[in-house]
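Please look over the sequence and the model before reading on.

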Amino acid sequence: MPSSPMPPIRRGKSAIATALTLSSLVLASFTLNEDYQGSLHTPANNEQYYRQLLEVNSSIVNEKYSTLQDVNDIDQSIERRAKATASAYKCDNMLLYLPDMDHFSAHGHGSQINTYIVSVLTGTYLNRNVLILDPPNDKSSYAGASQFGCPVDAFEENQMQSKASSSDSWQVKEDFPGGLSRLIDQPTWLSGGCPIPCADTYTYNDWVRFARSPTAFKSPITCIENGQTVNVIATSGRGVRNYFDSLDQFVSSEGWAMKMGATSDEAKIFSTLSGTQMWDYAVGLMNKAGFMRLQPWIARDVEVFIQSFGLKDEAYDAIHVRRGDKLIKEARGQVMRYWSSRGHRGVAPTNYIPFVHYLDQFKKAECPVNEHGEVERMKRIVYVATDDPVVVKKEIADLPHHIDESTILWNGCHELSFYFNPTKESGFHLNGDGERGFLDGSKDNCFDRYHRNIASVADMMILAKSRTFVGEFNSNWGRLLRTMRVRLRDSGDAEYSKTLDMRIAWGVMQPRLPGW
């Protein structure tokens, strides 16, 4: 057993603030505390910190951190062709997605991105360009005009440079993306490079009114732009989900595939598919085209955050342990069934599935056997993303067969070395302790919200790019990560798509439709 009560967090240096220099990529909104007990915090002298960042060239972005996939899995030529052929005359059929409506902006990353995926699938199915319409900055219900917080890039430089001003009075740039667009950089192949339609005719409030109409999909809004009639469907998160659910079935077609970036050969294959094969091929096309691209400030800050805790740049596995508010309703029945299957009647030992059950996904049969018939050890770097880090670390500390404080021998051959995101529990969820905010009533601000945004996106990126992912489909994250891990196979393969190694620890074994 280890002498320490819980495994330490792996780290490269004692504090990220000392690791960064003005010539390096800068973590634009936060540093880590020196003892790494897991809290993201705004520097004490916030104004001085932000003003210092103005001296740094932060325009360089590593493409590796701009998407939730390996950059080699994205066909960059799709976006290049879309930009080269974009034209205002191709902006006559659009689906306008309003993510702030129906309180969807108050959900976590998984729910918001999943609903965005539903809007992308729906819009492309209807042969429409898909655009995000966020509230104007002065109409946003969030400080800093976005549920994803405020990067340093959001503010006017002259205000930040003024010693007389404080961060409380800094104004977000008028043209800086707000809402969901602060997180997602929509590709041209999806938006058509089109501006928000009918801007001289309708206001944001008008589009909200149109999106609330029960006939929003049956009676599109029209206006005249560039001498042509522009046809627009406006919808909210609930509206697009209701429409998706109302269709008896989606019928594959070459036109739908081409709208998602398919080649002519891929489009022909897609047109022959139905059911699960069709949906997997659809998200495979979307992933190949790079539909989920992060804004450059997100990519920059996620890179610095990930580099701060020493995760090695080599193949790794990942485990997602979602507890928190999901245990209150959604997962309760499955947890009780788990303990009942193990002979516990009545009161269960815990109100969650223990971490050891996730580790059971690493089987002894996977380990290589040498020429003498002896099972050899497999060294695995295992990243653990969880909203319950204190308890999970205690569970690891209580496991047998420790090699050191953070490494155990599992099933006699898997040498598992654990890494954690260096944040406290409230740093895991975009909205605090859960989707309903902080349980202790703590107040929020756009700087702290951005800290949590970066920490969560970093977790999501690491999970999505892992060699093996262990999780469950009860959480929005688990379902989203399954979507992000679908890839197209080579044209000669019998199966048309594949999912990167994904092992479901408990609960429902079959994935839902993408976005659900």
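## Helix 15 and its surroundings

In helix 15, which spans residues 389–397, the buried residues are Pro389, Val392, Lys393, Glu395, Ile396 and Ala397. The buried residues of this helix pack against strand 7 (317–321), helix 14 (355–359), strand 8 (378–386), strand 9 and strand 11 (414–420). The model is a predicted one.

With a relative accessibility of 31%, Glu405 counts as partly exposed. Ser417 is 12 residues from Glu405 in sequence, and the two C-alpha atoms are 9.1 Å apart in space.

## The chain as a whole

The protein chain contains 17 helices and 15 strands. Of its 516 residues, 56% are buried. Taking contacts between residues at least 6 apart in sequence, 75% join residues at least 24 apart.

## Helix 4 and helix 8

Helix 4 covers residues 109–125 and helix 8 covers residues 237–246; their axes come within 9 Å and cross at roughly 55°. That angle makes helix 4 oblique to helix 8. The crossing of the two helices is left-handed.

On the helix 4 side, the residues that meet helix 8 are Ser111, Asn114, Thr115, Val118, Ser119, Leu121 and Thr122. On the helix 8 side they are Gly237, Val240, Arg241, Tyr243 and Phe244. Sorted by class, this contact has 5 nonpolar, 6 polar and 1 charged residues.

## Helix 4 and helix 16

The axes of helix 4 and helix 16 come within 11 Å and cross at roughly 65°. The two helices are therefore roughly perpendicular to each other.

In this contact, His109, Gly110 and Ile113 of helix 4 meet Asn453, Ser456, Val457 and Met460 of helix 16. By class, the contact has 3 nonpolar, 4 polar and no charged residues.

## Disulfides: number and pairing

How many disulfides does the structure hold? There are 4. When the bonded cysteines of the protein chain are numbered in sequence order, the pairing reads 1-3, 2-8, 4-5, 6-7. Cys91–Cys194, Cys150–Cys446 and Cys198–Cys223 are described below, each joined by a disulfide.

## Cys91 and Cys194

The sulfur atoms of Cys91 and Cys194 are 2.0 Å apart and form a disulfide. The torsion about their S-S bond is about -90°, so this disulfide is left-handed. The pair links distant parts of the chain, 103 residues apart. Cys91 sits in the loop between helix 3 (76–85) and strand 3 (93–98), while Cys194 sits in the loop between helix 6 (188–191) and helix 7 (204–212). Both Cys91 and Cys194 are buried.

## Cys150 and Cys446

Cys150 is joined to Cys446 by a disulfide, with an S to S distance of 2.3 Å. The link is left-handed, with -115° about the S-S bond.

The cut-off for buried is under 20% relative accessible area.

## Cys198 and Cys223

Cys198 and Cys223 form a disulfide with their sulfur atoms 2.0 Å apart. The S-S bond has -85° about it, and the link is left-handed. Cys198 lies in the loop between helix 6 and helix 7, and Cys223 lies in strand 5 (residues 221–225), so the pair ties together parts that are 25 residues apart in sequence.

Cys198 has a relative accessible area of 1% and is buried. Cys223 counts as buried at 6% relative accessibility.

Definitions and conventions:
Residues numbered from 1 in each chain as written. Predicted model: local features only at pLDDT ≥ 70, side-chain atom pairs only at ≥ 80, totals over all residues. Heavy atoms only, no water. Axes fitted to C-alpha atoms, helices over the stretch in contact; angles between N-to-C directions. Helix = DSSP H or I, 4+ residues; strand = E, 2+ residues; numbered from the N terminus. Parallel < 35°, antiparallel > 145°, perpendicular 65-115°, else oblique. Left-handed = near helix turned anticlockwise from the far one by under 90°. Contact = heavy atoms within 4.5 Å. Nonpolar A, V, L, I, M, F, W, Y, C, P; charged D, E, K, R; others polar. Disulfide = S-S within 2.5 Å. Buried < 20%, exposed > 50% of the residue type's maximum accessible area, 1.4 Å probe, protein only.
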